[in-house]
Amino acid sequence: MSSSVLESPQTTEQPSSARSRGEQPLVRIEGLRLAAAGGRREVVHGIDLEVHRGETVGIVGESGSGKTLACRSLLGILPHGITRTAGSLTFDGLDLTTLRERDWRRVRGSRISAVFQDPASYLNPSIRVGRQLDEVFRVRLGHSRAGARRASIAALERLGLVDPARVYAQYPHELSGGMLQRVLLAIALAAEPELLLADEATTALDVTVQAEVLDLLAELRQAGGLTVVLVSHDLAVVSQVCDYVYVLREGVVVEEGATAGILRTPAHPYTRSLRDSHLRYGIERLSGGAA
């Protein structure tokens with residue numbers, strides 16, 4: 001790894017928010033180190049990261065930068081062969097590193113939810129989407145069968161799906177990618193979590209649908225105070241909805257700062273390369289015309 005990648009992260013400017021007021025963060029990751037191959041090969045090298053209530057925070061970086069692993073650490077579902085070797089993870093003051101599986105069941109899906117790339121792979125193709133959404137309302141919230149159906153249709157309508165009763169009765173293969181992502185969001189948000197992790201949630205979508213999903217995330221955050229962590233390899237996507245950005249490369253945070261500042265005056269060469277590669281997609285409008 002080059003020395004420039006391993007240098008201390010540079011902070012641009014702070015957003016006007018709970019973060020700048022010094023309030024306690026909802027999420028705090030300190031010194032997170034993850035290793036593969038039985039601990040012999042470190043893949044995340046001491047990440048520090050904070051997320052405050054009501055924020056939308058972006059984690060951006062190329063494939064293999066460690067952004068998804070950091071996200072999955074907050075869910076307690078690291079891939080097979082990946083282990084945490086150091087660092088702390090706290091959520092609303094709760095030490096996530098001490099949780100047993102029965103404790104995780106009270107957090108994962110209820111207080112912290114997630115949506116991922118390729119929503120079809122997270123839905124059972126042989127079960128109608130309504131029944132899969134019903135299960136969340138029945139198991140997690142104790143709804144009756146009829147109550148779960150009503151809540152599911154209302155959730156699909158809230159997520160902007162036209163004719164939600166019809167969508168409720170359809171199978172995953174009958175829905176478009178954008179509709180599937182909205183269904184997955186409805187499932188993730190059914191228990192009204194405090195934190196939503198959106199890991200490459202728009203990557204497989206075409207540009208128009210991608211914009212619709214990003215707008216939807218912004219609306220949900222504004223309407224209900226939802227806190228969102230948006231993970232992406234695409235700085236242009238992150239720039240549309242995030243207040244604050246962490247830039248990861250090769251398992252290290254190389255830069256962090258308020259989104260506007262990161263776009264206008266990126267301090268790290270890697271961040272500059274990400275911004276410059278997306279100027280033609282309109283990111284210059286968001287950065288105030290900076291080249």
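Colleague: What is the relative accessible area of Y122?
Modeller: Y122 is partly exposed, the class between buried (under 20% relative accessible area) and exposed (over 50%), with a 1.4 Å probe and protein chains only. The model is predicted: local features need pLDDT of at least 70, side-chain atom pairs count only at pLDDT 80 or more, and totals for chains, interfaces and linings use all residues. Numbering starts from 1 along each chain as its sequence is written, and side-chain values use heavy atoms, leaving out hydrogens and water. For Y122 the relative accessible area is 42%.

Colleague: What is the angle between the planes of F116 and Y122?
Modeller: Rings of Phe, Tyr and Trp (its six-membered ring) pair if their centres lie within 6.5 Å; planes under 30 degrees apart are stacked, over 60 edge-to-face, and the rest tilted. The count comes to 2 aromatic pairs. F116 and Y122 form a stacked one, 5.1 Å centre to centre, and the angle between their planes is 20 degrees.

Colleague: How many residues of β9 are buried?
Modeller: Strands are DSSP runs of E, at least two residues long, numbered from the N terminus. In β9, T227, V229 and V231 point one way and V228, L230 and S232 the other, and all are buried. For residues 227-232, the number buried is 6 of 6.

Colleague: Which residue of β9 is the bridge partner of V60?
Modeller: Strands pair if DSSP finds at least two bridges between them. Strand β4 (residues 56-60) pairs with β9 in the parallel sense over 5 bridges. The partner of V60 in β9 is S232.

Conventions
Helix = DSSP H or I, 4+ residues; strand = E, 2+ residues; numbered from the N terminus.
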